Amino acid sequence: PRWTFVVAQDGCLDSSTIIPSQSSVPFHRENGALPPNVHLGTPHQEVHTANNTWTNGRVRLDRVGITSMRIPTNSNLTKIPMVVQTEVRLATKEQPCAVVVVIWSANEKMHNPLYVLRNTTPYTILCRQPLQEEHTDSLSHSATDTGPLLTETCNDKVPAFHCGHAEIGPTILSFLGLDRIEEFVWILGSGEVLTFGFDDPEKHHILEWTCVSNDSPEFDERCPKAFLEVDAMGSVSTLSISGGKQIQCHIEAEHSTKVIEFTESTKHSPTASGGPILNSLRSRGLQYQEMLKSEGVLVEGDTNVEEEDDVGFGLRIDLPGVSMSVVDNANQKLHGREILLAEFDKLFVSFSQTREGYHEFELRLMSFQVDNHVQKSIHPVLIFCPPLHENEPLLHISAVRRLQPHSNTFVFRYAAIRLLEVDIFLDRRTAETIANFIEPLTSPRETQQEDLAVWASDLTKDMEQKASVRSRFVPEGIENTLHNANSGRIYFEQLQLHPVRISFTFTQEWIEWDQGADSVMVFQFVRGMASIANAPLTFTSFVVSHVFEAPQALGRVIATHYSSQLTKQIFAILGSLAILTAPADFISNVGTGVRDFFYEPINGAVHGPRQFIEGLEAGTQSLARGVFVGVVRGAANVTELLNANLVGLTADEEYIDERKAHQRLLTDALSRGKTTRTFGDSLHLAGASVARSFKSGALGILEQPAMYASKHGPVGFLKGAGKAIVGAIVKPVVGVGDAAVLVMNHVSDATSTKRVHPKIPKRLRRALPNQFSQKLNCVRLIPYDERAAKAQKIVTGGESLDDIYYGHLQIPSHLIIASQQCLWAIDRRSREPWCANWEEVSHFSRVDGGVRVVVFSKTGLKSYTFYVDTKDDASKLYDLLSMHSEKMGNSSELNSTLLSSKPESLSRHAIPGVKGRQANHIFGSCNIERNFHDNLAKDEIDLVEQCFSRVKRMGSESPTFFKNLDEEAWNLVITWGQLFTGLSSKRCLVAGVINGTGG
């Protein structure tokens, strides 16, 4: 506002602080023992601490919200009552304080005032807020419980002289030193509009009003009065006057303002019976009918206002399910992949407009689940909602809106949101993947600029501009703050947010450290978190009445309500650490058994001796069951925790990934399989787990030393031998532990009476065919195909391999699947798979009725012909193979005539670079183990040079050139293997290149 104010703490009015216009000053409480309440006032010319300059009401610094107050002023300051709006809000991180109080003038037209008085009658209206304690409660009861208050007739002229009982009360109160609080009277002339503010916002928001003639605008205590509750939108009070007329006062919303409007009506007028809102709707309907009649359009029905019905309609949407898939293809080096799938089951939406002028909205969602398809994630389900009852919706939202003359004004009689229990399962890999996905959407615009010099210059200018402004001035964003606080207000007569319960599980794991991810704050937080198991987070309900706030302000209050409760539940989170899961679960099961051991007999004794014996038996069984389940489940939790740490000692990434994939497939198979699993089935699965671990440990002893030695020499051999020995010891222990956990979980689930809901994905991961083989992230978004998803599961080995699905085709004899690394052909009768790497494929060509694929084998080239039914299928198969032609051995080099030939006749054709026709020969047919004792090569360079000199003397004119070349290549491989063995072993790969340029 454009005025200067003073502010002082309640009880310390002698110590005040001046707030100049358009400025901000720090304020501190004078006495910490007093409540954090402050008074506002205008400074007096001589002494600004005079009592008549302070507001009757106070601003509570410990209560967030907005209100409108009248400021007592001298007559020379303003001719109309000075009304200000004060908003108490929590300070932001940039502000050097805890609470911010924003004060602005409600009289200015640039801001939407909170309350407005409007008089459309030919009379003068007097109104005030009752401040006396002796009858405030009765006024509140009259205004709220009895509804519209009808009073007796008030004369047009009333004397301004008080007599009788009206004089005795103030005299006695003055004699006792209890003077009455001055109640400011608002004088509202005919057709006048004033901005309204309460004298004391902490008192009941009740308006006392009366009607007088234009000649005597004075408030007489003997004149009949009416009362109106200002907080209740739509409340109405009526005052009868002479001549059978009535003055009606009602509350309605216009844009972001509560309008207290006074209108004149007769006792039997539609306005008195139907209300101003319905009458406004009817009048608009009549105007529309008159417009149609003027244009010659025939309108059926009577246009009488009293018989006109309001429009009513209803819209209902009932969907069996809605799916939303999240695909991550931001990284150009990685294949586009579906990472999340949200499933909304049985969604019901209803919207209707009643004839009484209400909009009714309802939304019901029966179940909701988010599947986790992040590669190598631990938990297959990210969000799971356990069903409480078959007909109980997970999410229920209902709201009733009352129509207003202004369509952009929202007045809700009732709004409620209820959400049942939600379980969240998160691991480190999933958290970082989601953070990487949304990070470009949340990064500031300044950091996305390519020119860093321009960004640094703009940042420096902003900092200089902020530093040059004195701190006492109002911040630059105050206009936006005022606009947000005064625009788009929504009224809720009843707003109910039901309690929410969330179960949170987080699993920490070791993954490769990405240095570039340190810029995202969530990575630094996730890396330091410990594993948490089923941490219960409970939030109480949020219930308010008669709320008239901007959405931003109401959202801040709701966010503060839940965030403050979250900070109080830190000990519940600490108690759910994975290391404490076993004792906590044991105490929970035993506690339930102890409770039933005492409760069941006592409950049975109330009904009779027989029921007492039955209760004693039931309580004893519950106690025994609780102890047994607690011990078994606690042992399973401890064993699972030890296995999760022991498996990291193997340092075998392949084994760790294989174990995670097997556990995920096992969980999915057990949940999707038959409902009753026998103890024998669990023993069979446990035995398979032990056998797999022993096999992995044995293979590690044979493979890891040689593999590390070939890469790093003697040092690598020692390193590989050490890892193999550790793996041979730890892997069987982990396998036995996994088997024990599987058996103990089966025993505890079979013994416990609690129902276990399987947490499995709704469907398989969506298969996204690649559009270009050179661009991995370019995928085609197609509808979900169950067959394609199953083909993708085969290619990825149940999400345990890093292969990528490209496409598939069903032909009469086989199912053809193309992946990034391999070509699959699965026999449709025997279900036997055939797989070949693309590097093993020589070429492919069209033949009559199908496509021939030629592959390299140990005995030479082999051909496989896949026949199709239609030319369309032949073209699809040819295109599927063409995407990987660059990976094949000969497909991109040989001409079409050669590719169409059989592999046995390749030597009969004229090959570029070969001068003579060659005899039939299959490369690799001479690969036979034999010893060469006469080789005198000193090192690998000498060996290669000797081979080169012999090949150089060969001539392609000879018909046995291919045979001689094949024998020389194999001799080089055999000699290399004999020279470099043991700790100095090295591998050799021979490739032949024919120069066909004719040079």
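Modeller: Helices α18 and α19 are roughly antiparallel to each other, a term that applies to angles over 145 degrees, while those under 35 degrees count as roughly parallel, 65 to 115 as roughly perpendicular and the rest as oblique. This is a predicted model, in which local features need pLDDT of at least 70 and side-chain atom pairs count only at pLDDT 80 or more, whereas totals for chains, interfaces and linings use all residues. Residues are numbered from 1 along each chain as its sequence is written, and side-chain values use heavy atoms, with hydrogens and water left out.

Colleague: At what angle do α18 and α19 pack, and how far apart are their axes?

Modeller: Two packed helices are described by the angle between their axes and the distance between the axes. Here α18 (residues 940-952) and α19 (residues 961-979) pack at about 165°, with their axes 11 Å apart; axes are lines fitted to C-alpha atoms, for helices over the stretch in contact, and angles run from 0 to 180 degrees between N-to-C directions. Helices (H or I, at least four residues) and strands (E, at least two) are DSSP runs, numbered from the N terminus.

Colleague: Which residues of α18 and α19 make the contact?

Modeller: With contact taken as heavy atoms within 4.5 Å, α18 contributes E940, L943, V944, C947, R950 and V951, and α19 contributes L965, E968, L972, T975, W976 and L979. These residues divide into eight nonpolar, one polar and three charged, where Ala, Val, Leu, Ile, Met, Phe, Trp, Tyr, Cys and Pro count as nonpolar, Asp, Glu, Lys and Arg as charged, and the others, Gly among them, as polar.

Colleague: Turning to strands, what is the order of the open sheet of four strands?

Modeller: Strands of a sheet pair through backbone hydrogen bonds, either parallel or antiparallel. In this open sheet the order is β29-β30-β31-β32, with antiparallel pairing; two strands pair if DSSP finds at least two bridges between them. At the edges stand β29 (805-810) and β32 (833-837), each pairing on one side only, and the twist averages 15° from one strand to the next.

Colleague: How many bridges pair β30 with β31?

Modeller: Five bridges pair β30 (residues 814-819) with β31 (residues 822-827) in the antiparallel sense, and the partner of I817 is W824 in β31.

Colleague: Which strands does helix α15 lie across?

Modeller: Helix α15 (residues 786-795) lies across β29, β30 and β31, running at about 120° to β29. Helix α16 (residues 871-882) also packs on the sheet and touches β29, β30 and β31, its direction making about 155° with that of β29.
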